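Q: Here is a model I would like to learn to read. Where do we start?

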Amino acid sequence: MTRDDLIVTEPSHVGRARVVAASAATRAGLPLERVHLVSLAATELASNLLKHAGRGVFSVVPALGRLDVVAVDCGPGIGRIEDSMRDGYSTTGTLGGGLGAVRRAADVFDVYSRRGQGTSVLARWHAGPSPLPGGLRIGSAILTAPGEAECGDRWTAETTDDSVTIAVSDGLGHGRLAARASDAAISTVAAHPELRPARILELMQPSLASTRGATVAVAQLSPAEGRMRFCGVGNVSTRFYADQDGPVQRIVSRHGIVGVAARPRPSDSAYSWSSHSWLVLHSDGISDKWSNTDWPGLFTHDPATVAGWILGQRGRGRDDACVVVVSGGGGR
């Protein structure tokens, strides 16, 4: 699997970011003229990471009939976001140059920024119709462990007529063997999206038996029924918000590793889901010590912008990292 992310720390990384984004856009099936727009936006975003923050995460996510480019840093933040959209606007110590060009190039553009903490920017291009039911919105940001060519963290969102099954898999360790374990987990979800999460995890056990194993969380959302089912094994962090302004509910997975040793049969837990609900899942490449209340207004933004922000703010920087954020689609 081609790596679609990098840490931008030097001028040569700007060109590399452009190549990564253009390659992902081509694989996503975007026409040539739109691949050029993706390349332009990638160049601007990576340049801004380097110029105004000195370092940042550049993550490209092709999924769900679209291509997302997320650029996130822990720099000084943007003082006045609308000013930064104007061509030629630049203030020392703020991110701004090129954002107007990125907004014009992309189908969807979103920014979340806090002074003294950083900025998360999303640029999105649609490659086809969204397969998600009931107004659901899903976004992700991924970063591969330093020195590795493949990310051992994977995620997927597989739809049926009226539901979507979302899984995050963290293969043990990192590199090629971790990626192999997660590929087996994700393939199982893709083959059986109509089954309940606990049953999907059961089927993963023999599929991962020849690998080093993985920790996996599976959530199944049925918006029309107002329900979410969940089952997990291992330490994928799962946070559920019945309402975007409400308290968090930590959902605990069962101890263990999928594919390593059989344990008692897992079971599903069920929760009420509405258009105002949010779900955040992430691997242990992200510190679990965070609260959305530390970042006012974060849940008014696109889930991909939110995922990028969490990755940028709480990524450990020494392991694979994957964040998946789901919104019911209301309240924005």
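A: Start with two terms: strands (E, at least two residues) and helices (H or I, at least four) are DSSP runs, numbered from the N terminus. Two strands pair if DSSP finds at least two bridges between them. This is a predicted model, in which local features need pLDDT of at least 70, side-chain atom pairs count only at pLDDT 80 or more, and totals for chains, interfaces and linings use all residues. Residues are numbered from 1 along each chain as its sequence is written, and side-chain values use heavy atoms, with hydrogens and water left out.

Q: How do I read the side chains of a strand?
A: In a regular strand the side chains alternate between the two faces of the sheet. In β9, Ala214, Val216, Val218, Gln220 and Ser222 point one way, while Thr215, Ala217, Ala219 and Leu221 point the other way. For burial, the cut-offs are under 20% relative accessible area for buried, over 50% for exposed, and in between for partly exposed (1.4 Å probe, protein chains only). By that scale, 9 of the 9 residues of β9 (residues 214-222) are buried.

Q: In what order do the strands of this sheet stand?
A: The order is β7-β8-β9-β10-β13, an open sheet of 5 strands with antiparallel pairing. At the edges are β7 (153-159) and β13 (269-272), each of which pairs on one side only. On average, neighbouring strands are turned by 15 degrees against each other, direction ignored. Such angles come from axes, lines fitted to C-alpha atoms (for helices over the stretch in contact), and run from 0 to 180 degrees between N-to-C directions.

Q: How many residues of β7 are buried?
A: In β7, 5 of its 7 residues are buried. β7 and β8 pair in the antiparallel sense over 7 bridges, with Trp155 opposite Val168 in β8. These two strands form a hairpin with 4 residues between them.

Q: What about the sheet that contains β6?
A: That open sheet has 5 strands in the order β6-β15-β14-β11-β12, with antiparallel pairing. β6 (137-143) and β12 (249-250) are at the edges with a single partner strand each, so one side of each has no neighbour in the sheet. Within the sheet, 5 bridges join β14 (residues 278-282) to β15 (residues 321-327), and Leu281 has Val324 of β15 as its bridge partner.

Q: How do I read a positive phi?
A: Most residues other than glycine have a negative phi, and most peptide bonds are trans. Leu64 has a phi near 60 degrees, a positive value in a residue other than glycine. Leu64 sits in the loop between β2 and β3. Its relative accessibility is 12%, so Leu64 counts as buried.

Q: How is a pocket read?
A: On a 1 Å grid over the protein atoms alone, a pocket is an open set of points with protein on both sides within 12 Å along at least five of seven lines, where a cavity is a set in which a 1.4 Å probe fits but cannot get out; lining residues have an atom within 4 Å of a point. Grid points are joined across faces, edges and corners, and a volume is the space filled by probe spheres set on the points. The second largest pocket holds about 350 Å³. It is lined by 23 residues, and Ile7, Arg55, Val57, Leu143 and Gly317 are the closest to its centre. Elements that each supply at least two lining residues include β1 (5-8), α1 (12-27) and α7 (303-314).

Q: How many helices and strands does the chain have?
A: The protein chain has 7 helices and 15 strands. Of its 332 residues, 56% are buried.
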